[in-house]
Amino acid sequence: MSKTLVMLLAGGVGSRLNALVEARAKPAVPFGGNYRIIDFTLSNIMNSGLDRVGVLTQYKPLSLMSHIGSGKAWDLEGRNRGIKILPPHTGEKDSDWYKGTADALRQNLDYLTRYDPEEILIVSGDHIYYMDYAPMIAFHKRRKADLTVAMMEVPPEQAVHFGIAQVDGAGKIIDWEEKPKKPKSTLASLGIYVFRTGYLLKALQDPGAMDFGQDLIPGAIRRDAVYAYPFSGYWRDVGTLAFYFAAHMDLLNPRSVLNPEAWGVQTNLEEEGLQGDRSPVIIQKGARVVQSFLGADTIIEGRVETSVLFPGVRVGKGARVINSIIMHDCQIEAKAHLNRVIMDKKGRVGEQARITGLADLPNREFPGHLKEGLTLVGKGVSIPSKTRIQGNTIIRPWVGEGDFSGLNVAPGETIRKK
Amino acid sequence: MASILAFILAGGRVDELSVLTYNRPKSALPFAGNFRVIDFALSNLMHARIGQVGILSQYRSASLITHIGNGAAWDMHGHRRQVALLPPSKGQQDSDWYKGTADAVAHNLEFIYENNPDLVMIVSGDHIYRMDYKGMIQFHQDREADVTVGFIKVSLNEANRFGLGTIKTTKGHSGGRLIGYQEKPAQPQSQWASLTIYLFKTKVLLEVLKGTHPHTGREAIEFGRDILPNLVQQYRVFGYTFSGYWGYTRTLDEYWRTHMDLFGPDSRIDLKSWQIRTNLEHERIRERQPAIVARQAQVDQVLLTSGCVVEGNVRRSVLFPGVHIEEGAVVEDSILFFDTIIESGAVLKKVITDKRVRVGEKARIGGGPKGKPNRAFPHLLSSGLTIIGRNTHLPPQIRVGANCILNPYLEEDAFASPEIPSGATVS
């Protein structure tokens, strides 16, 4: 049995993913044909030999809970192992929603001490990466650290998004800035922490400490033994639509090291109450498929290029799907063309519709979410035949054919249910 | 609804399937990538909400035992639901191997007594079909039948291979009174072939089986051959007719042709709407990533599964999980089981490879003249198929003809000659 307890922060809203997080938390967003984002972290936990996990949820946890199920898919079900969902609960005060990462742990002190762990590993369910946590825990013990933070070098222009540290020769953190405007270094925190249990419990006694990066670490580096554990390898934040799309393109690039099967990434294939199991992929006569990932149960009669198709997708005769991410059970009818489209589950594109992501102008309503030339189609959307949709458009979830006011949708528009 | 207990007949070793049944019973044979043949019967039972199932098996059950697991995959695991593997056990007499279908059920009367069902359903685990058993059960109850047997219409020229029923059908009804039954008659009088689906009132089954109980010494071993022909006079027996797709896998040729039925716009195998369940634990299906079709690949009428990587040219073929077709390789009309690797430049035509076969670079397998049946097993293999047993590794540049059988576990050095002529067997 491992002496390390894992706390997985899965509360992230991920609002920049827009329609993809309308009804699910960011860690539950589907990724790469078979997976959800959180599968990468859960599989890292399993592959690191860790066996007790608490999952802190807050925002729209339903699909996350059904996905995690008993934890069996990640070998977390058994006499000496387990995974526990820890939603916010009412305490002595009225509103006990989690106010930050540290606060979420503070509200679950019972769970932190239940198994008497030596260390507590804190990870988030928001990133696509492979990491063996065991060497980091060993590093933490060797340094007799109070707290160890996993860090990697990032390009200077990205440093503004992270907690940035400066370290001494032994790896001890001597300076910390949270999302600095003018970063003094490019060593960025990945939001993966190992705490000595006693140290964490003491630190959480400060009722003002709500968040690790903001409140807890800056004080800790002055007083205590706080180390940076160096990580290098594939690690990607998929918190924006552009990053999310780029990570999928990595998947299709044979030279990329992003390789879920080689990384031992597991998912839960039985979550959705399917009547039968997903059947195999069928590529029909006259179809053409190049450089694509095909989830189970896709049936292809048309053309698919540089795309990731999730299970159950249909691509009709003469249809073309290029540079796109199409989620579960979408139907692309005959002669419809899609280029640079992210389409959430259970949507339908009518015959001869043309959807492109390319546009010069950002989305008018959400310029911060969508400006890179992609079109986002929410869950359950039905697009009428022959509709032409221009780039940087967002079609919000459950928009039906009647919600379109004409056959042309201008660049940067957002369409909602009437 | 009546309480129902089901038996799946999953016992037989079938020599007709050659090296594919070298160490698995026919019902455990893989089918269409993710599935095994028995999944079709199990899923039909699940959809009819039948949760008490016994599987009668005696030939190399290991892969079947692993596959069935605790039955949870088919919702047959719970307080009142179970699936039990019922291999032969030593009884009071020395040799208590199952001698046939009825004999196998007669050895397991305890299983019936324990569960005390109203009806007992007996189905074969060897067929590829989706049937709503609930319809047949309703029919049985509406007619107050003692026994109902499922039938399908086949063409007259192949009818002699089946048990044939004479049914008094009336228009608009899905069957009628069964007035005659003959097992594989030389001169077929009927086109209604038995699906090997029997529904018995428990009381009637027990009466019938008394005659075949292993310790009474009476010779009534097979339902089709020994029991059904006489049954129609003694009991209220009905024939229930089924008109969906029914694929069989009795011979290599049938197994191959049933796979080819997966393709084409008029395919009658609709795996999606059939809602077939399997055990995703087997062959690490759940651990594999989506299928990858690479930039330089060409695919036309192909069934792909998770973990496949296609870099070459594939037509009219079924690729099981983990199959890798390297760049420049050509695969046509073939069925490749789990983790088969076809190295670059190799060409396969009409080949079935069992698990973990590796074909070396620029090898050419199959596709020779059909004229020469397999010399050792001419009756099994004459349609031009070539079969490669599991874990066999073929050296680069080898030539293998049609109607060849290559045994399992052959290493490259087992192939002394660079050319295996059509009709040869390598062991």
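In what order do the seven strands of the open sheet in chain A stand, and is the pairing parallel or antiparallel? I looked this up first in the predicted model. The order I noted is β15-β18-β21-β24-β27-β30-β32, and the pairing is parallel.

Sheet edges. I found β15 (288-290) and β32 (408-409) of chain A at the edges. Each has a single partner strand, so one side of each is left without a neighbour in the sheet.

Inside the sheet. I then took up β18 (residues 303-305) and β21 (residues 320-322) of chain A, which pair in the parallel sense over three bridges. For A:Glu305 I recorded A:Ile322 in β21(A) as the bridge partner.

Contact between the chains. I listed 27 residues from chain A and 33 residues from chain B in the contact. On the side of chain B that touches chain A, α9 (271-274), β14 (291-293) and β15 (298-304) of chain B each supply at least two residues. The largest share, six residues, comes from β15(B).

Pairing across the contact. I noted that β15(B) pairs with strand β14 (residues 281-283) of chain A in the antiparallel sense, over three bridges. Opposite B:Leu303 in β15(B) stands A:Ile282.

A loop residue. I located B:Thr21 in the loop between β1 (4-9) and β2 (30-31) of chain B. From B:Thr21 to B:Asp354 I noted 9.9 Å in space, C-alpha to C-alpha, and 333 residues in sequence.

Note on methods: Residues numbered from 1 in each chain as written. Chains lettered and ligands numbered in written order. Predicted model: local features only at pLDDT ≥ 70, side-chain atom pairs only at ≥ 80, totals over all residues. Contact = placed C-beta atoms within 7 Å. Helix = DSSP H or I, 4+ residues; strand = E, 2+ residues; numbered from the N terminus. Pairing = 2+ DSSP bridges.
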